[in-house]
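Here is a short briefing to read alongside the structure. It walks through how the chains meet and what links them.

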2 protein chains.
Amino acid sequence: MAGEDGYGIPRSHPRYWSLVIREKLVEAFREGIVVPQGLIAHGRGECFDYLIGEETQPFAQEAIEAAAAALLLAEHPVISVNGNTAALAAEHMVRLAELLGAPLEVNLFYRTEERARKIAELLRRHGARRVLGVEDATARIPGLPSPRGMVSPNGIYRADVVLVALEDGDRTEALRRMGKTVIAIDLNPLSRTARTANITIVDNIVRAAPRLVEAVEKLRSRPRSELEQILARYDNNRVLSKALQHIAQRLMRLAQMGIAIEIG
Amino acid sequence: MAGEDGYGIPRSHPRYWSLVIREKLVEAFREGIVVPQGLIAHGRGECFDYLIGEETQPFAQEAIEAAAAALLLAEHPVISVNGNTAALAAEHMVRLAELLGAPLEVNLFYRTEERARKIAELLRRHGARRVLGVEDATARIPGLPSPRGMVSPNGIYRADVVLVALEDGDRTEALRRMGKTVIAIDLNPLSRTARTANITIVDNIVRAAPRLVEAVEKLRSRPRSELEQILARYDNNRVLSKALQHIAQRLMRLAQMGIAIEIG
């Protein structure tokens, strides 16, 4: 994204990247990729990112390595993509699918066929070869009302490991009830998705996605036993607890120092 | 708002009010009152409200009383209204203006004449008699590029006390440089607006606006000397510090208890 410009935001602005990401999302909204509720969800994410410090923290890096191991060990991994994910990380999601030989699946909370098609097109423009969930969303996740519960029988429905980003809590819970391993990218360490997933990457998808690609590239030549060890050592509750403590300590410190951080 | 319905959100939902408010905002967005960036800003607010506990805390109530005193003591108080404020609190902003004999002024960060007119119409539908800032935004706040810096010469430009809600940091700073007393309603205790304002109400505008109306109703019959005492006792840095500590302590407690709070 380093070469991007044209949003009229001066590079010297202390919150340049946050503002560029926001404009990307507004643009995707105008293109029909993102829904209004997705903009509100992005705002919530901005807030948590700002509380985290807008950098990938060690607890996130630990989750990223575990996620890479789980994806590499999976028999049928699937990369689930919604509007916000497509707007912010299409390129890296496509690269991840390619490295893993996994399908991408469009999966929308506010589903319309037109939006699903637009997202699939965007993924294909970024080089995606296999995009499920557009015409083939014919299987149902038990316990979720249609159309929110419709998925591809060749994708999420049969997957053993699903990567979701910026996902709704109901759906994460339903996937777990189906016995799937869920990897979530979610900036809110208190969300139901964060606490229900097997592995939660508490980080901005814009930073986490390229790091996840890197981790898969690094680990894919390693023996299965090593990947299994990484997974065995991983404790998601501990990681979430570290994330919360990090935010709380940061706020305490800021309260003591009386420092204003600018947001927005 | 108690009688409202029709958003298809079950009343039993643990986050009913948050979801109703969100739908109100999306509706106002569709009507051209709110801009996409306003939806993102609302999401940030949702996050901070959730961290605060979605209730008016003592530090907010203290600021509300001081704000009422400052508005009652003002010679030329002005109530500044932007898109999000109009969408969420038009009724109470109009009532406040009426109680104070103060004008309302439409003041937009992403200004278009059409949007300014729509917001003025909305305020008039709620009974507003004097709405400035639409055709008469001809004076400039020094240091702010046009059109962001354009205000009414009879409103914000000459005001001694300005109430702003969900405001941008640059503008708050510019108003302070003009020597005005700024009262801000802002859920982020770390924002530049929160830290630059003279009185910062760290609360959701949906809860703060009716409480501010109540406080003005309660205090308006009191002698000037009593209002001056309320203001003299008030310390905004202390209030902001209490807000930050409240959030940090709450997060620590949640981290220790391992409790999932659902957001969104």
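A salt bridge here is a side-chain nitrogen of Lys or Arg within 4 Å of a carboxyl oxygen of Asp or Glu. By that rule, the structure holds 32 salt bridges over all chains. Please keep in mind as you browse that this is a predicted model.

**How the two chains are related**
- Superposing chain A on chain B takes a rotation of 180 degrees with 0.0 Å of shift along the axis, and the RMSD is 0.0 Å.
- That is the relation of a two-fold axis.
- The copies meet through the same surface, because 100% of the interface residues of chain A are also interface residues in chain B.

**The contact surface**
- On chain A, 40 residues are in contact with 40 residues of chain B.
- Between them the two chains bury about 3500 Å², and 71% of this area is on carbon and sulfur atoms.
- Ile40(A), Arg44(A) and Leu190(A) are the residues of chain A that lose the most area to chain B, together 19% of what that side buries.

**Polar and charged links between the chains**
- There are 2 salt bridges between chain A and chain B.
- In a salt bridge with 2.7 Å from N to O, the side chain of Glu46(A) meets that of Arg44(B).
- Polar contact between chain A and chain B comes to 6 residue pairs, with both residues at pLDDT 80 or more.

**What chain A brings to the contact**
- Four helices of chain A each give two or more residues to the side that touches chain B: α1 (16-30), α2 (36-52), α7 (192-196) and α10 (236-257).
- Of these, α2(A) gives the most, with 12 residues.
- By residue type, the side of chain A that touches chain B divides into 22 nonpolar, 10 polar and 8 charged.

**The disulfide**
- How many disulfides are there over all chains? The count comes to 1.
- This disulfide joins Cys47(A) to Cys47(B), with 2.3 Å from S to S.
- The pair crosses between chains, running from helix α2 of chain A to helix α2 (residues 36-52) of chain B.
- The link of Cys47(A) and Cys47(B) is left-handed, with -60 degrees about the S-S bond.

**A salt bridge inside chain A**
- Asp49(A) pairs with Arg207(A) in a salt bridge, and their closest N and O atoms are 2.7 Å apart.
- Asp49(A) lies in helix α2 of chain A and Arg207(A) in helix α8 (residues 205-219) of chain A, so this pair ties together parts that are 158 residues apart in sequence.

Notes
Residues numbered from 1 in each chain as written. Chains lettered and ligands numbered in written order. Predicted model: local features only at pLDDT ≥ 70, side-chain atom pairs only at ≥ 80, totals over all residues. Heavy atoms only, no water. Contact = heavy atoms within 4.5 Å. Buried area = accessible area lost by both parts, 1.4 Å probe. Polar contact = N/O pair within 3.5 Å; in protein donor to acceptor, adjacent residues only side chain to side chain. Nonpolar A, V, L, I, M, F, W, Y, C, P; charged D, E, K, R; others polar. Least-squares fit on C-alpha atoms with pLDDT ≥ 70 in both. Disulfide = S-S within 2.5 Å.
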